[in-house]
Amino acid sequence: MIQPAMASSTAGGRPQIGVLISGRGSNLQALIDAIARGELRARIAVVISNRPGAPGLVRAEAGGIETVVLDHRTFSSRDAFDRAIAMALLDRGVRLVCLAGFMRLVGTPLLDAFPNAILNIHPSLLPAFPGLDAIGQAIAARVTITGVTVHLVDETLDGGPIVAQEAVPVLPSDTEETLAARIHAVEHRLLPAVVRALLAARTAV
Ligand code: GRF
């Protein structure tokens, strides 16, 4: 059992969030920008990447945010990797965790440390097109509507309770690139909005 956080879960009255990434980090950037614009009253206490060279780490550093690299390949087991992530988050007083392009399945040690407090963003209208390359899957299936889902994370792949969704039309002329650009624009608006709503709801109870 991982010990509860000793660190304060607010900083200057702002709830602390942790962001997990594996790559580009454009959704991380959307959170950084929403905080900077005053639209999201929160502090990103730490950005954790399982990939040492993830470009999102540079975005975090540019935003003055602490970064931690926990390379899953260096851990003896999935549980050990999950426990290390949980400890890094708890140590910094994180209250809400956002998976923003984090390409690992989350296991019990991390889920137990943050019950109903881990969000994931996925580029489809779940339960359609879970897993990898959701945008390519939508193009291949010739659907006319796809979208973005923000959901709570459980032990399943993209299967936890849905918190918010927004539809994005697939145009006949769309390539994966043009559709991805419109989906990402929606993601960058939806994720900060959901984080804001969730933090507000949790502060109110
Ligand atoms: C996003 O499309 C997100 O929905 C999915 O992974 C992608 C991450 O993009 N889970 P970025 O790293 O935030 O730019």
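Does Asn116 count as buried or exposed, and at what relative accessibility? I looked it up: Asn116 counts as exposed, at 53% relative accessibility. My cut-offs are under 20% relative accessible area for buried, over 50% for exposed and partly exposed in between, with a 1.4 Å probe and protein chains only.

I note that this is a predicted model, where local features need pLDDT of at least 70, side-chain atom pairs count only at pLDDT 80 or more, and totals for chains, interfaces and linings use all residues. Residues are numbered from 1 along each chain as its sequence is written, and side-chain values use heavy atoms, leaving out hydrogens and water.

Backbone entries. Asn116 is not a glycine, yet its phi is positive, about 55°. I find Asn116 in the loop between α4 (108-113) and β6. Helices (H or I, at least four residues) and strands (E, at least two) are DSSP runs, numbered from the N terminus. Asp133, not a glycine either, has a positive phi of about 55°. Asp133 lies in the loop between β6 and α5 and is partly exposed at 47%. I also logged a cis peptide bond between Leu126 and Pro127, with omega about 15°. Pro127 sits in the loop between β6 (118-122) and α5 (134-141).

Helix α6 entry. Leu190 is in α6 (residues 176-204) and is buried at 11%. Setting aside residues up to four places away in sequence, I list Val148, Val150, Ala164, Gln165 and Glu166 as its contacts (heavy atoms within 4.5 Å).
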